[in-house]
Amino acid sequence: MRAIRVLLAAIGVGLGLWGLRLLLENLSPDALVRLPLWLGGAVLADDAVLVPLTIGAGWLLTRWSTGPGRHRTIGTVRTTALYVGVTTLVAIPLLLRQGKGVNPTVLPRDYLRDWLLLEATIIAAGVIVAVVQSRRSTLSSSRASSGDIGGR
């Protein structure tokens with residue numbers, strides 16, 4: 001078992017050194033200076049913006065879900081929020097770089113409009129699922145309260 005770990009560690013170190021060599025060969029010196037700044041900015045944006053937003057949204061969602069009957073839709077709301085967040089993270093580079101660069105015709109679409117339509121579709125699907133779930137739970141609770149339990 002120890003030999004396998006040593007072999008995997010050696011392979012990992014070798015691949016890391018190979019990647020470092022490729023990085024140093026393909027980037028100019030000014031790009032090598034900008035790279036740590038960009039990575040530091042990404043860490044700062046994550047820790048100062050995304051983490052507080054995620055914690056705040058989770059706290060609000062937890063507070064909202066403590067109401068009567070809301071525990072049934074919490075999964076739908078969380079899933080909808082997850083999909084909105086993931087698609088937003090994927091779209092951010094396209095939204096920021098639209099029409100810029102060497103060949104501006106590569107991104108000729110209106111990415112802001114398309115992103116907003118995608119988010120609206122995801123939210124609409126989440127609302128539809130939540131409404132269907134709440135109607136099912138209301139229907140089943142009305143049957144139970146009317147004495148129609150077990151088909152008797």
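Analyst: Take D30: it has a relative accessible area of 45%, so it counts as partly exposed. One caution: this is a predicted model, where local features need pLDDT of at least 70, side-chain atom pairs count only at pLDDT 80 or more, and totals for chains, interfaces and linings use all residues. Residues are numbered from 1 along each chain as its sequence is written, and side-chain values use heavy atoms, with hydrogens and water left out.

User: Okay. Which residue does D30 meet in a salt bridge?

Analyst: A salt bridge is a side-chain nitrogen of Lys or Arg within 4 Å of a carboxyl oxygen of Asp or Glu. D30 pairs with R34, at 3.2 Å from N to O. Both sit in helix α2, four residues apart, or about one turn. Helices here are DSSP runs of H or I with at least four residues, numbered from the N terminus. The spacing makes sense: an α-helix has 3.6 residues a turn, so residues three or four places apart point the same way.

User: How many salt bridges are there by this rule?

Analyst: The count is three. Another one links R21 and E25 at 3.1 Å, N to O; these two are also four residues apart, in helix α1. R21 is partly exposed because its relative accessible area is 45%, while E25 counts as exposed at 52%. Then R113 and D114 form a salt bridge at 2.9 Å, N to O. R113 is partly exposed, at 44%.

User: And D114: buried or exposed?

Analyst: Buried, because its relative accessible area is 18%. D114 belongs to helix α4, residues 111-145.

User: What span should helix α2 have?

Analyst: The expected span is 1.5 Å times one less than the number of residues. Helix α2 (residues 29-65) has 37 residues, so it should span 54 Å; its end C-alpha atoms are 52 Å apart, which agrees. Helix α3, residues 74-97, has 24 residues and reaches 35 Å, close to the expected 34 Å.

User: Where does α2 bend?

Analyst: A bend is the angle between axes fitted to the seven residues ending at a residue and the seven starting there. In α2, the bend is at D46, by about 35 degrees. In α3, there's a kink of about 40 degrees at A91, shortly before the proline P93.

User: Which residues of α3 are buried?

Analyst: They are I74, T76, T80, T88 and A91. T80 counts as buried because its relative accessibility is 16%. Its side chain reaches the backbone oxygen of T76 at 2.8 Å. In α2, the list is A31, L61 and S65.

User: What makes the nonpolar surface patch?

Analyst: Patch members have over 30% relative accessible area and no salt bridge, with like charges joined within 9 Å and nonpolar side chains (Val, Leu, Ile, Met, Phe, Trp, Tyr) within 5 Å. Areas come from the Shrake-Rupley method with a 1.4 Å probe, and for residues only the protein chains shown count as cover. Here M1, I4, L7, L8, I11, L15 and W18 make a patch of about 800 Å². L8, found in helix α1 (residues 2-26), counts as exposed because its relative accessibility is 55%.

Note on methods: Buried < 20%, exposed > 50% of the residue type's maximum accessible area, 1.4 Å probe, protein only. Polar contact = N/O pair within 3.5 Å; in protein donor to acceptor, adjacent residues only side chain to side chain.
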